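Please read the following briefing alongside the sequence and the coordinates. It moves from the chain as a whole to single elements and residues.

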Amino acid sequence: MDARLSELCEGLPMGVFVVDDEGGLAYGNASWRRMVGERSLVEWLAALPPDSSAEATACWQACRRDGTPFALMISLPGPAPVWLRWRGLRLADGRIGGTLDDVTALQRSGEEAEAASRAKSEFLANMSHEIRTPMNAIIGMSDLLWETALDSMQRRYVGILRDAGEHLLGLLNDILDLSKIEAGELRLERHDLSVREQIEKATELIAGRARTKGIEFAADIAADVPPRVVGDSLRLRQVLMNLLSNAVKFTDKGEIALRVARGAGPDVLRFTVHDSGIGIAGEKQKRLFHPFMQLADPSGQRAPGTGLGLSISRRLVEMMGGRIWFESVEGSGSTFVFELPLPAPEAGQTRPSGISVNLRGMRALVADANPTGRLILREMLGGWGAAVEEMSDPDALRSRLPAPFDILVLARNLNEGGAELVRHVRERFEPSQLIIILVVSDVARDDDAARKELGISALVMKPVKRRDLMEALSSALSGEYRADRVRGAAPEPAPPRRLRILLADDSEDNRLLVRAFLADSGHNLDVAVDGQQAVELAGNINYDLILMDLEMPVMSGFTATREIRRREREHSLLPTPILALTAHTLPEQIERSLEAGVNGHLHKPLRKAELVAAVNGAVAAPAASGPRLHVAVTPTVAPLVPTFLANRRKDVANARAALERRDYHSLWVLAHTMKGLGASYGFDGISDIGVEMERAALSREQAALSRAVDALERYLGQVDFSVAS
């Protein structure tokens, strides 16, 4: 070896070696001799622990044979384990050379970092649980107190308590999300989703807040936006909610508009939130997406917030592969834009597209004072084939009527001049000649009676949802419009049957709260204070529903659920719906409970409406004389359901055959199809079984797959369906 090169190698902290074809040491620097000694390579390899020796020898032999370079970790056990990183390659003269590094310190630091990450995750989970548990009582009891007879001063105090609880809960959620992102613990999901459904869910609460402030709110989805894409629906909705909440908070008059359109790329969608609010000061704009950066309010009338929403939104958008930016002028409003890659789902995995309406050859008039509202309605109606005229002043209907038209979409509440305008129109057009759709921001108690009297086809709530308007027009055109329905307003649920419910929770406050929430429901409620009691009670009484806290002494809710499911399988019993009451929000905790056998989750702090809806939804079955499982499907998919269920029965036979062959790929494909289609047709139970089968197929768990196929067969034997009204 060249003297200067040898001198350089002698000073290196890593070992440098060159061996001949037989493994004899041709050169070893000081670090090599310190770690290996004067032994030949063959002797050193033979002295390694058996597993490391076999792997290292194989790497050396491959390098001798065909010049394959190698790099591997070698572990030397002992009181203080040592980790070596060995690298080698064939040199130009045919010999083999390389390096040997002592990376023990680096390995230990990596293990310590992993341990620290696990500790942080556990801390986040525990902190969430410990804080949410008392908040469950604070928010729940304040909601109950709000429903009692209070004088004006008491109501004011309770209102402050409720607002403070909501603010604290929002702060907790933001801090947990930011912590999970920084710890690398926030995981994104990839599933088939409807962009329109996510927009509608995100705007439900926002629209109410906007109406309260007298702000126009509109949401528009361009006609060329794909109906189904693949992404994370929860995180998409979270970003939209953050941006829309800020828009409502900092807008006192004017409008807020949300628009979804194609972005810069074949699979990219652009989401734009525009408001006419107070705007953002220039000095704030550079740091707007930084954590704890709070928007200033010159009036001082708004609470400052956590300063985390925009920071979390930016990080979520970037994690999903997108980008976010904004434009704002102080005093003139703001526009926030983000783009996300949301590709189309795999062929065969999209759900039925739903109803359609054909307005070709028809003339429609849109009368709306808000320009954004007119634009959205014009694009919807025009996209369905109608020739659309616009009127920016609905009051002009009193003095001027255009040429004959077939559809009038009027944006005006009945109690704010809408009734008079419709009466004037009806003097010229009979109900058989003209479809009238009223776009309203609120619904009064007697609006339905007025709607019938005036011959209005439908009331559609703002912001106008494409599906609501489509259903209203489709029903009006077919003459099937139900007089008791307001599009966009939740129908009154049918009164549920009397249920036998088991509540398992170790917190006396939580038990008292759930009992109070269900006090006027007529259900019978039994109580267990730990998981062991829950298992014993469930073994002796046939419950319609079990509400299971996950963290309890003696036996946890996870273990109790597994025991209940085991007993049901052993005795061929119908599975009892189990809803987990949990303060956990981390995905791994949710997955753990699903694997144990729960059917769904209610996150603390509990809300009365959510609990009652979940209880009614989990057991939406007829009396004991009929099938135990009942599903109400939409009129759109109802004709397809018999074939869908027949195909799932074929899946049972195909799955059993694949199990015998241990064909895990076919099982995964079958499970993936079930997971995607089940909820699309309204059969969430099939989707849940598909999720479990998919997981078991990936991990090749034969027993778990067999249980899932059995569960699918039982489900199909119990399920019945009807068409939702």
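## The chain as a whole

The protein chain exposes about 34,900 Å², of which carbon and sulfur atoms supply 53%; accessible areas come from the Shrake-Rupley method with a 1.4 Å probe, and for residues only the protein chains shown count as cover. This is a predicted model, in which local features need pLDDT of at least 70 and side-chain atom pairs count only at pLDDT 80 or more, while totals for chains, interfaces and linings use all residues. Residues are numbered from 1 along each chain as its sequence is written, and side-chain values use heavy atoms, with hydrogens and water left out.

- The protein chain holds 23 helices and 24 strands, where helices (H or I, at least four residues) and strands (E, at least two) are DSSP runs numbered from the N terminus.
- Of the 725 residues of the protein chain, 47% count as buried; buried means under 20% relative accessible area, exposed over 50%, and partly exposed in between, with a 1.4 Å probe and protein chains only.
- Among the contacts in the protein chain with a separation of 6 or more, 65% are between residues 24 or more positions apart, a contact being heavy atoms within 4.5 Å.

## An open antiparallel sheet and its helix

- An open sheet is formed by 5 strands in the order β2-β1-β5-β4-β3, with antiparallel pairing; two strands pair if DSSP finds at least two bridges between them.
- Because β2 (25-28) and β3 (70-76) stand at the edges with a single partner strand each, one side of each is left without a neighbour in the sheet.
- On average, and with direction ignored, neighbouring strands of this sheet are turned by 20 degrees against each other; the axes are lines fitted to C-alpha atoms, for helices over the stretch in contact, and angles run from 0 to 180 degrees between N-to-C directions.
- Helix α4 (residues 50-66) packs on the sheet, where it touches β1 (15-19), β3, β4 and β5, and its direction makes about 160 degrees with that of β3.
- Within the sheet, strand β4 (residues 82-90) and strand β5 (residues 96-102) run antiparallel and are joined by 7 bridges, and Gly 88 stands opposite Gly 98 in β5.

## Salt bridges

- The count comes to 23 salt bridges, a salt bridge being a side-chain nitrogen of Lys or Arg within 4 Å of a carboxyl oxygen of Asp or Glu.
- One of them joins the side chains of Asp 21 and Arg 64 (3.6 Å, N to O); Asp 21 lies in the loop between β1 and β2 and Arg 64 in helix α4, so the pair ties together parts that are 43 residues apart in sequence.
- Both partners count as partly exposed, Asp 21 with a relative accessible area of 41% and Arg 64 at 24% relative accessibility.
- Arg 270 forms a salt bridge with Glu 339, their closest N and O atoms being 2.7 Å apart, and the pair links distant parts of the chain, with Arg 270 in strand β10 (residues 268-275) and Glu 339 in strand β12 (residues 334-341), 69 residues apart.
- Arg 270 is partly exposed at 30% relative accessibility, whereas Glu 339 is buried at 5%.
- The side chains of Glu 568 and Arg 565 also meet in a salt bridge (2.9 Å, N to O); both residues lie in helix α17, 3 residues apart, or about one turn of the helix.
- Glu 568 is buried at 7% relative accessibility, and Arg 565 is buried with a relative accessible area of 9%.
- Asp 220, Arg 259 and Glu 379 are linked in a network of salt bridges.

## Individual residues, buried and exposed

- Val 652, placed in helix α20 (residues 641-661), is buried, with a relative accessible area of 7%.
- Not counting residues up to four places away in sequence, Val 652 touches Val 709, Leu 712, Glu 713 and Leu 716; Val 652 and Leu 716 are 64 residues apart in sequence and 9.6 Å apart in space, C-alpha to C-alpha.
- Val 554, found in the loop between β20 (545-549) and α17 (557-570), has a positive phi of about 65 degrees although it is not a glycine, and Val 554 counts as exposed at 69% relative accessibility.
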